[in-house]
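Student: I am new to this structure. Can you walk me through how to read its features, starting with a single residue?

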Amino acid sequence: MATRVTFYRPGKSFPAFSVTGEGCSLQCDHCRGRYLQGMRPALDPDELERAAARLSFEGGRGFLLSGGCDRRGRVPLGDFSGAVRRIRATTGLQVNVHPGLLDEEDAAAVISSGAEAFSVDVVQDPLTISGTLHLQASPRDYCRTMELLEPTGRLVPHVCVGLQSERGEEGTLETISAHSVRALIILGLKGARGTMYEHRSVPPERLVRAVGKAVATVPAPVLLGCMRPRGQWEVEVQAIEDGAAGVVNPSPRTVQWALDQGYRVENVPSCCALHL
């Protein structure tokens, strides 16, 4: 049987909503809230439900629920849990929640939403946490967040290659490997315009090494996610050859290569965090 590779193209069928609009208290060095500008604002539960109803009417598949963080690294999603439950019950839309760091109370609220996936950025380099991310947190706080979400079977960690040291990345993958995760998303640093990281991006060879390390370390599907430098089809091909189960928004050359190599290609207009 041919090996399957899944190409995810979320596009308009799977948009991202921000519960804080363009606002973020952390102002991380590589983002400064710029990534939020590409999300649709949903500043209260009623607004989210109206937006979801429109999305469902237009044939959408689901959405990412995210937003800016407070000073503790949390996305303020607690008031939205009921709205997500109602959306899933009335529309059938799939929901991927990006909650940031969690304590027991926050986790209970997020889990009660019934979302299909909980996407958690994981960092284990203390200097990156305090310096680049401006967080008064520790590597243990990321582990605790994973521990709280792990029993759901819907935990999907994300690792941004190039954001922390390579040693930190290796430690992060080892930490994730100790948890039961639904999938692992590998991202690549690409600093947002107007930030001190604007002209920084992860070298292709480092991103490839990280994918290979992830496949060898974490017993779950590894996917090359949407946030990464573009125009690097060779990285996408190498990731697939190294065992990645899918790629988000692949280049046409990668798609053709996969077909030529006999892969069983599946195209999904959805978010890779929902990988099955």
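Tutor: Start with Gln27. Gln27 is partly exposed, at a relative accessible area of 26%. Keep in mind that this is a predicted model.

Student: Where is Gln27 found?

Tutor: Gln27 sits in the loop between β2 (16-18) and β3 (40-41).

Student: What is the phi of Gln27 near?

Tutor: Phi of Gln27 is near 50 degrees. That is a positive value, in a residue other than glycine.

Student: Which loop holds Asn249?

Tutor: Asn249 lies between β10 (246-248) and α9 (252-260). Asn249 is not a glycine, yet its phi is positive, at about 50 degrees.

Student: How does Asn249 count by relative accessibility?

Tutor: Asn249 counts as partly exposed, because its relative accessibility is 32% and the class runs between 20% and 50%.

Student: Now a residue of another kind. Is Phe80 buried or exposed?

Tutor: Use the cut-off here. Buried means under 20% relative accessible area. Phe80 has 5%, so Phe80 is buried.

Student: Where does Phe80 lie, and what is Phe80 in contact with?

Tutor: Phe80 is in the loop between β4 (62-66) and α2. Set aside the neighbours within four places in sequence. Phe80 is then in contact with Val19, Ala42, Leu43, Asp44, Pro45, Leu48 and Leu65.

Student: And Phe57, is that residue buried or exposed?

Tutor: Phe57 is exposed, because its relative accessible area is 76% and exposed means over 50%. Phe57 has its place in helix α1.

Student: How do I read a distance between two residues?

Tutor: Phe57 and Arg193 are 136 residues apart along the chain, and their C-alpha atoms are separated by 34 Å. Phe80 and Val211 are 131 residues apart in sequence. From C-alpha to C-alpha, Phe80 and Val211 are 34 Å apart in space.

Student: How do I read the packing of two helices?

Tutor: Look at the angle, the axes, the handedness and the residues that touch. Helix α1 (residues 45-57) packs with helix α2 (residues 81-91) at an angle of about 20 degrees. Their axes are 10 Å apart.

Student: Why is α1 called roughly parallel to α2?

Tutor: Angles under 35 degrees count as roughly parallel. The angle here makes α1 roughly parallel to α2. The crossing of α1 and α2 is right-handed.

Student: Which residues make the contact of α1 and α2?

Tutor: From α1 come Pro45, Leu48, Glu49, Ala52 and Ser56. From α2 come Ala83, Val84, Arg86, Ile87 and Thr91. Sorted by class, this contact of α1 with α2 has six nonpolar, two polar and two charged residues. Pro45 and Leu48 are also among the contacts of Phe80.

Student: How do α6 and α7 cross?

Tutor: Helix α6 (residues 166-177) and α7 cross at roughly 25 degrees, and their axes come within 10 Å. That makes α6 roughly parallel to α7. α6 passes α7 in a right-handed crossing.

Student: Which residues make that contact of α6 and α7?

Tutor: On α6 they are Glu166, Glu169, Leu173, Glu174 and Ser177. On α7 they are Arg206, Arg209, Ala210, Lys213, Ala214 and Thr217. The contact of α6 with α7 divides into three nonpolar, two polar and six charged residues.

Student: What about α7 and α8, how do they cross?

Tutor: Helix α7 (residues 204-217) and helix α8 (residues 233-241) cross at roughly 15 degrees. Their axes come within 9 Å. That makes α7 roughly parallel to α8. The crossing of α7 past α8 is right-handed.

Student: Which residues of α7 and α8 meet?

Tutor: Pro204, Leu207, Val208 and Val211 in α7 meet Val235, Gln238 and Ala239 in α8. By class, the contact of α7 with α8 has six nonpolar, one polar and no charged residues.

Student: One last residue. Is Glu116 buried or exposed?

Tutor: Glu116 is buried, with a relative accessible area of 16%. Glu116 lies in the loop between α3 (104-112) and β6 (117-121).

Student: What does the side chain of Glu116 make a polar contact with?

Tutor: The partner is the side chain of Arg88, at 2.6 Å. Beyond the neighbours within four places in sequence, Glu116 is in contact with Arg88, Leu93, Gln94, Val95, Arg154, Arg182 and Leu274.

How values were computed:
Residues are numbered from 1 along each chain as its sequence is written. This is a predicted model: local features need pLDDT of at least 70, side-chain atom pairs count only at pLDDT 80 or more; totals for chains, interfaces and linings use all residues. Side-chain values use heavy atoms; hydrogens and water are left out. Axes are lines fitted to C-alpha atoms, for helices over the stretch in contact, and angles run from 0 to 180 degrees between N-to-C directions. Helices (H or I, at least four residues) and strands (E, at least two) are DSSP runs, numbered from the N terminus. Angles under 35 degrees count as roughly parallel, over 145 as roughly antiparallel, 65 to 115 as roughly perpendicular and the rest as oblique. A crossing is left-handed if the near helix is turned anticlockwise from the far one by less than a right angle, and right-handed if clockwise. Contact means heavy atoms within 4.5 Å. Ala, Val, Leu, Ile, Met, Phe, Trp, Tyr, Cys and Pro count as nonpolar, Asp, Glu, Lys and Arg as charged, and the others, Gly among them, as polar. Buried means under 20% relative accessible area, exposed over 50%, partly exposed in between (1.4 Å probe, protein chains only). A polar contact is a pair of N or O atoms within 3.5 Å; within protein, one must be able to donate a hydrogen and the other to accept it, and residues adjacent in sequence count only if both atoms are side-chain atoms.
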